[in-house]
Amino acid sequence: MLVNLHVKNFAIIDEADVDFGEHLNILTGETGAGKSILIGSLNIALGARVSPEMIGRRGDSATVEAVFQIRDEQTREAIRSLDIDMPDDELVISRKITEQRSVNKINGESVPVGLIRQVASFCIDIHGQNEHQSLLKPAMQREIIDRFGGDELLEQREAVSELYHEYAMVKKEMEEDNLSDEELAKKIDYLTYVKQEIEAANLNGQEMESIDEDYRIASNAGTVMDVLSTVYRDGTRTAEDALSRVLPELRRVSEMNPKLAEYGSQLLEIESLLGDFNRDVSGFMQDYAFDENRLRELEQRMDVIHAIQSKYGDTYESIMSRHDEAEERLGHYEDYERFRKERQNDYDKLLKELTDNSTALSNLRKKAAEAMTKAVTEALTDLNFAHVEFRIEIRRPEEETPERVHFSENGFDEVEFLIATNPGEPVRPLSKIASGGELSRIMLAIKSVFADSDEIETLIFDEIDTGISGRTAQMVSEKMNTLAGHHQVIAITHLAQIAAMADTHFVIEKEVDAEASETRIRRLDREESESELARLLGGVEITDAVRENAREMKRMADELKS
């Protein structure tokens, strides 16, 4: 769940620090107080695009940070699979926005903004005037049905996906191998050349790893000998001769002063080391010789290996893989008719398996659609869609023919949600009938149907009350309360009926002075919450009757929740 949101110098928010509670969090405030800016800042934290124009007046950067406590095991596993460490199951997403760029971090580590979006999708679901538009997309509607169908449907979809990728690969290979006699002859010639060229190179993995180093050593043999000769002749031998001369003198004076004996011991040790070094160098020079024939052999061998690498891969393994592939395909092409017949048999078998499994998947979807249609219709009725007809249509693509089936990794179904909200109207696609406020309530209905199984812990509804009032608002508040029993819900509202249901109530206020406006957010206690409800109910003039109405509304909400 979302534990904390910290915003600094973002638009008209100088600084805000909000600790959210479990279950239903409600945010209210005057129109223009900055409620949308607060949700906007959260969107920025979760990876939305941001303009430097949103940097506030108190500095040259803006910061937004969201802290999540991840309680669902599946969500934790999904996030950790992205190589993100979560000490104490805590996730901290932060973004710092400057004129030039944004700095994006997860748990203190810099990450690309795309990774933030991916992680955020596991943690939070925002439904507002833009976000709920995803409900209009066919792919999202199909995903909703599949999730509603449960494990059996999802496992069947996975089986279809695996079969589809295998089928697509075989189909592609068949298309590539549909050759004329001339093309077949060219293929055989080319593959024979590849196979023979790699075999003629007589490659050895160990040789390929060492040949560059062997050549470098051989080609620099003359320079090495010159340097070693100089070291031996002008360096260590000269030093050894000098030590031989001074040691007797040092022994003689050591008899005069016993403290000098230690220096003599040190020089003796140095002389011994120089002697060992000179013998080693001399032995190395005797064994180390420049072999022009060896160098020429290495050059020729290296040219062969590099030529093969430029054509077939850098490593021994990749080159031999090309050889084996060429050999295998030659075996196919040399008995081309038998090969094509076997490939056609494989294709036909896969096509039948894919068709059977896609049909089974489609049947499961239709079964899930029937149950979901009933559940969503009931939820929409609860949200005061009095004459609603909701339908889920599952069909094959219109351009499909018996000879040409349109498969995908999701089978062959197209899914579309249809609805009619007035009696006598025909059902039509959501995109052609639903207003913004209706879409918000439809999404709320769908989310309430998924309440027990949805892994996303935090749901945000931005102005879900658009275009509703009275009894509908009361029904929306009750549905949100039900949803908050299984999720953390954060909602912005203008309606007292919804705000009364809050488990945690915040007010967003704008303070205006001579210089600028500033938005603040604070958590309300019981008495302050009732006063805010009275403001929502009474408008400009808040009478005693309005205050009593607010208190009664809060009591009724408590009774409903209990």
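Residues are numbered from 1 along each chain as its sequence is written, and side-chain values use heavy atoms, with hydrogens and water left out. Because the model is predicted, local features need pLDDT of at least 70 and side-chain atom pairs count only at pLDDT 80 or more, while totals for chains, interfaces and linings use all residues.

Helices (H or I, at least four residues) and strands (E, at least two) are DSSP runs, numbered from the N terminus. Strand β1 covers residues 2-10, and seven of its nine residues are buried, where buried means under 20% relative accessible area, exposed over 50% and partly exposed in between (1.4 Å probe, protein chains only). Two strands pair if DSSP finds at least two bridges between them. β1 is joined to strand β4 (residues 61-69) by six bridges in the antiparallel sense, and six bridges also link β1 with strand β2 (residues 13-19), again antiparallel. V7 faces V64 in β4 and A16 in β2. Two residues separate the strands in the hairpin of β1 and β2, where A11 has a positive phi near 55°.

S41 belongs to helix α1 (residues 35-45). S41 counts as buried because its relative accessibility is 0%. Leaving aside neighbours within four places in sequence, S41 is in contact (heavy atoms within 4.5 Å) with L5, V7, F10 and V64.

**Helix pairs**

Two packed helices are described by the angle between their axes and the distance between the axes. Axes are lines fitted to C-alpha atoms, for helices over the stretch in contact, and angles run from 0 to 180 degrees between N-to-C directions.

| Helix pair | Axis distance | Crossing angle |
|---|---|---|
| α16 (residues 526-538) and α17 (residues 544-561) | within 8 Å | roughly 120° |
| α4 (residues 138-176) and α11 (residues 336-382) | within 9 Å | roughly 165° |

A crossing is left-handed if the near helix is turned anticlockwise from the far one by less than a right angle, and right-handed if clockwise. α16 passes α17 in a right-handed crossing. The contact involves residues including L533, A534 and L537 of α16 and V546, A550 and M553 of α17. By class, this contact of α16 with α17 holds six nonpolar, four polar and seven charged residues. Here Ala, Val, Leu, Ile, Met, Phe, Trp, Tyr, Cys and Pro count as nonpolar, Asp, Glu, Lys and Arg as charged, and the others, Gly among them, as polar.

The crossing of α4 with α11 is left-handed. Its residues divide into 22 nonpolar, five polar and 10 charged. α4 and α11 are therefore roughly antiparallel to each other; angles under 35 degrees count as roughly parallel, over 145 as roughly antiparallel, 65 to 115 as roughly perpendicular and the rest as oblique.

**The sheet β9-β10-β11**

Three strands form an open antiparallel sheet in the order β9-β10-β11. β9 (389-395) and β11 (428-429) stand at the edges with a single partner strand each, so one side of each has no neighbour in the sheet. Strand β10 (residues 414-420) pairs with β11 over two antiparallel bridges, and I419 has R428 in β11 as its bridge partner. α4 packs on the sheet, touching β9 and β10, with its direction at about 90° to that of β10. α11 also lies across β9 and β10, running at about 165° to β9.

**Residue R80**

R80 is in helix α2 (residues 73-80). Its relative accessibility is 35%, so R80 counts as partly exposed. Not counting residues up to four places away in sequence, R80 touches M86 and D89. R80 and V119 are 39 residues apart in sequence, with a C-alpha to C-alpha distance of 9.7 Å.
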